[in-house]
Amino acid sequence: MIVEIDFNSDEALYLQLCNQIIMGIASSRFREGDSLPSVRQMADTIGINMHTVNKAYSILRQEGYLKLDRRRGAVIAVDTDRMRMLEELKKELQIILAKSSCKNISKEEIHELIEEIYEDYI
C-alpha cells in the first residue's frame, strides 16, 4: 500500500491520510472488501503516531468509506447513500466555485479541470 504523507504540508496528517485512502478507493487501488493495515502497522509504515491513524480511520468510518471488523480490522466499505453524498458534494463545490469566481476562473477552465481529474477515476 502506497500512502504518501507530506510532513511539510500545512494540512493535518490525519486529513492527508484520509484523502490518500479516498483517492486510493476512487482510483481502484483499494477495492470494496480490502483490508487496510492495522492502526499500529500503518503508523509504523508511514512514520506517524497511532492516534493520528486512529483518527483518520474513525473519520473514514463515519463518512462511510471504512467499516471496522474485529477480525479483519479496517475494511474498505463504501457507503452507497448516494443522495447524502451528492448533497455534501454540492456544498463543497459551492465553496470551490465561489473561490474560482473570485479569481476569475472561467466555467470552461473548471470543466477542463474536472475532466482532467475525473479521467484518473474512471
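Analyst: What follows takes one feature at a time, first the general idea and then the case here.

User: What kind of model is this, and how are the residues numbered?

Analyst: This is a predicted model, where local features need pLDDT of at least 70, side-chain atom pairs count only at pLDDT 80 or more, and totals for chains, interfaces and linings use all residues. Residues are numbered from 1 along each chain as its sequence is written, and side-chain values use heavy atoms, with hydrogens and water left out.

User: How many helices and strands are there, and in what pattern do they run?

Analyst: Helices (H or I, at least four residues) and strands (E, at least two) are DSSP runs, numbered from the N terminus. The protein chain has five helices and two strands. Along the sequence they read α-α-α-β-β-α-α. Taken along the principal axes, the C-alpha atoms fill a box of roughly 50 × 35 × 25 Å.

User: How do I read burial, and what percentage of the residues count as buried?

Analyst: Buried means under 20% relative accessible area, exposed over 50%, and partly exposed in between, with a 1.4 Å probe and protein chains only. In this chain of 122 residues, 25% count as buried. Take Ala56, in helix α3 (residues 50–62). Ala56 has a relative accessible area of 0%, so Ala56 is buried.

User: How far is Ala56 from Gln16 in sequence and in space?

Analyst: Ala56 and Gln16 are 40 residues apart in sequence. Their C-alpha atoms are 8.7 Å apart in space. Now take another pair, Ile105 and Ile46. These two are 59 residues apart in sequence and 36 Å apart, C-alpha to C-alpha. Ile105 sits in the loop between α4 and α5 and is partly exposed, at 36% relative accessible area.

User: How many disulfides does the model contain?

Analyst: A disulfide is a pair of cysteine sulfur atoms within 2.5 Å. By this rule there are zero disulfides.

User: Are Cys18 and Cys102 buried or exposed?

Analyst: Cys18 is at 3% relative accessibility, so Cys18 counts as buried. Cys102 is at 66%, so Cys102 counts as exposed.

User: What makes a salt bridge, and how many are found here?

Analyst: Side chains of opposite charge can pair when their charged atoms come close. The rule for a salt bridge is a side-chain nitrogen of Lys or Arg within 4 Å of a carboxyl oxygen of Asp or Glu. A search of the whole structure finds one. Its partners are Glu88 and Arg84, at 3.6 Å, N to O.

User: Where do Glu88 and Arg84 sit relative to each other?

Analyst: Both are in helix α4. They are four residues apart, so about one helical turn separates them. Glu88 is partly exposed at 33% relative accessibility. Arg84 is also partly exposed, with a relative accessible area of 33%.

User: How do I read a surface patch, and which residues form the nonpolar one?

Analyst: Patches are made of residues with over 30% relative accessible area and no salt bridge; like charges are joined within 9 Å, nonpolar side chains (Val, Leu, Ile, Met, Phe, Trp, Tyr) within 5 Å. Accessible areas come from the Shrake-Rupley method with a 1.4 Å probe, and for residues only the protein chains shown count as cover. Here the nonpolar patch is made of Met83, Met85, Leu86, Leu89, Leu93, Ile96 and Leu97. Together they have about 610 Å² of accessible area. Leu86 lies in helix α4 (residues 82–102). Leu86 is partly exposed, at 39%.

User: Which residues gather in the patch of negative charge?

Analyst: Asp and Glu count as negative, Lys and Arg as positive; His and the chain ends are not counted. The place of a charge is taken as NZ of Lys, CZ of Arg, CG of Asp or CD of Glu. The members of the negative patch are Glu108, Glu109, Glu112, Glu115, Glu116, Glu119 and Asp120. Glu115 is in helix α5 (residues 107–118).

User: What should I look for in backbone phi angles?

Analyst: Most residues other than glycine have a negative phi. Ser28 has a positive phi, near 70 degrees. Ser28 lies in the loop between α1 (13–26) and α2 (39–46) and is partly exposed at 35%. Asn104 also has a positive phi, of about 60 degrees. Asn104 is in the loop between α4 and α5 and is exposed at 68%.
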